[in-house]
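Please open the model in your viewer and keep the sequence panel beside it, as each stop on this tour asks you to select something and then look at what is there.

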Amino acid sequence: MDISSVQKLCIDLISSAVQRCRLSEDLCRLSVVLKSSPPIIRVSISDTGTGSCLEEFQDLKCNREGIGTEKWDGLLSIKTTSISDNKIYHYHLNLRGSVSARRLTRLPSILKNDAKFSGTEVCLSISETIDALLNDIKHYFQKMLILKIPSVAAELVIERGDASGLRCQNVFLPNECSPLNFSSSNVERLKSGLEEYVLKHRNSLNNKCDSCFCSREKLKISSGVARSMESHRSPGLIVEAVIAISEHSESLCFRSSGNKTEVLHFKDFSPSSVSIASLNALTSIDWRSYGLTLVSAVDQVDHALIEWESLPPYRHIDMVIHCYHKQFPGKCKYQPDRHLIKKGVKLALDDLKEKHTGLLLSAHAVKLCPRPCKLNCWHHLVI
């Protein structure tokens, strides 16, 4: 079996659990448990959000051609209940067949005895090593922290059934060391999340260089929000773009990667692959008007990679783009809009330019800039 298809399936299942937690009006817990008993790994994804709608599982996709029965039987075990149900419903869903041939089997239910709770657990068992799944899931949670969804606490538990009986647990708390409260807007959470991501990520990459550690004082961050009108043909979309520029005293620390920007993508509050609309939007922006020269924007599957010309090695740019429905959950599928994405990014750039005078000067503005001002300008960004 192509393990990548199972990795994607697990990420999709976790993403669905996050959405159920977002729909709940209470604080929710999301738990992912990987239990290894070689050669079998049992994956359990459970949440205390709203109960599941079976249609969401029917729409799951998996690379059927890469599935082998010796690795995975294609079976999902689903237990779910809503707050108003008096039972916990249990199903088996077979994903090995074609879409039309998928079989949903209803198993005996469990009485709740008047208890009031909701939640879902999805389990599958595969014959594989644990490391491939573990790396992707940890990466997913680390990216999810950028969104700072306030009502979800997530944990990742690894249990190894060997002689040592090792049990490892990572708990991901979205509001750890954060001044945000529940009333904070989504874009304020995104700004805070990117700020913490940059501080942790940059400092972990440069832990051998004490003088180039990134601090909040050296971080300039801005945001832009673009909205489309809601109509009977459009669900009403929102694009949030956040840009962070970090500066460091030592140019050697970022010489190898400073001229590249990782653009993280989210869609409907979940990490997303890069859309064609997003790449088109990024390449269509007049970056020179902001003192930047674009070399290329390349799809890297889970993020876009922008390469700049002549970017100072002691400066680094990070960016995140989030597209989501105005009303959740969305009633229809949609494709991100290039013009809306471009508008959101430009608004973030304008915000940065307005807040930090002299940081993003166009080539024309640099020529008119007095000599003392040029010491602080990005005149060397533009050829």
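This is a predicted model: local features need pLDDT of at least 70, side-chain atom pairs count only at pLDDT 80 or more; totals for chains, interfaces and linings use all residues.

Residues are numbered from 1 along each chain as its sequence is written, and side-chain values use heavy atoms, with hydrogens and water left out.

Begin with the six strands that form an open sheet of mixed pairing, in the order E9-E10-E14-E11-E13-E12; strands are DSSP runs (E, at least two residues), as helices are (H or I, at least four), numbered from the N terminus, and two strands pair if DSSP finds at least two bridges between them. Select strand E9 (219-227) and strand E12 (294-299), the edge strands, each of which pairs on one side only.

Next, select strand E10 (residues 237-247) and strand E14 (residues 315-325), which pair in the antiparallel sense over eleven bridges; here Ala241 stands opposite Ile321 in E14.

Then show helix H6 (residues 338-355), which lies across E9, E10 and E14.

Finally, select Cys10, which is buried with a relative accessible area of 1%, and Cys323, which is also buried, at 8%; buried means under 20% relative accessible area (1.4 Å probe, protein chains only), exposed over 50%, and partly exposed in between.

Technical notes: Contact means heavy atoms within 4.5 Å. Axes are lines fitted to C-alpha atoms, for helices over the stretch in contact, and angles run from 0 to 180 degrees between N-to-C directions.
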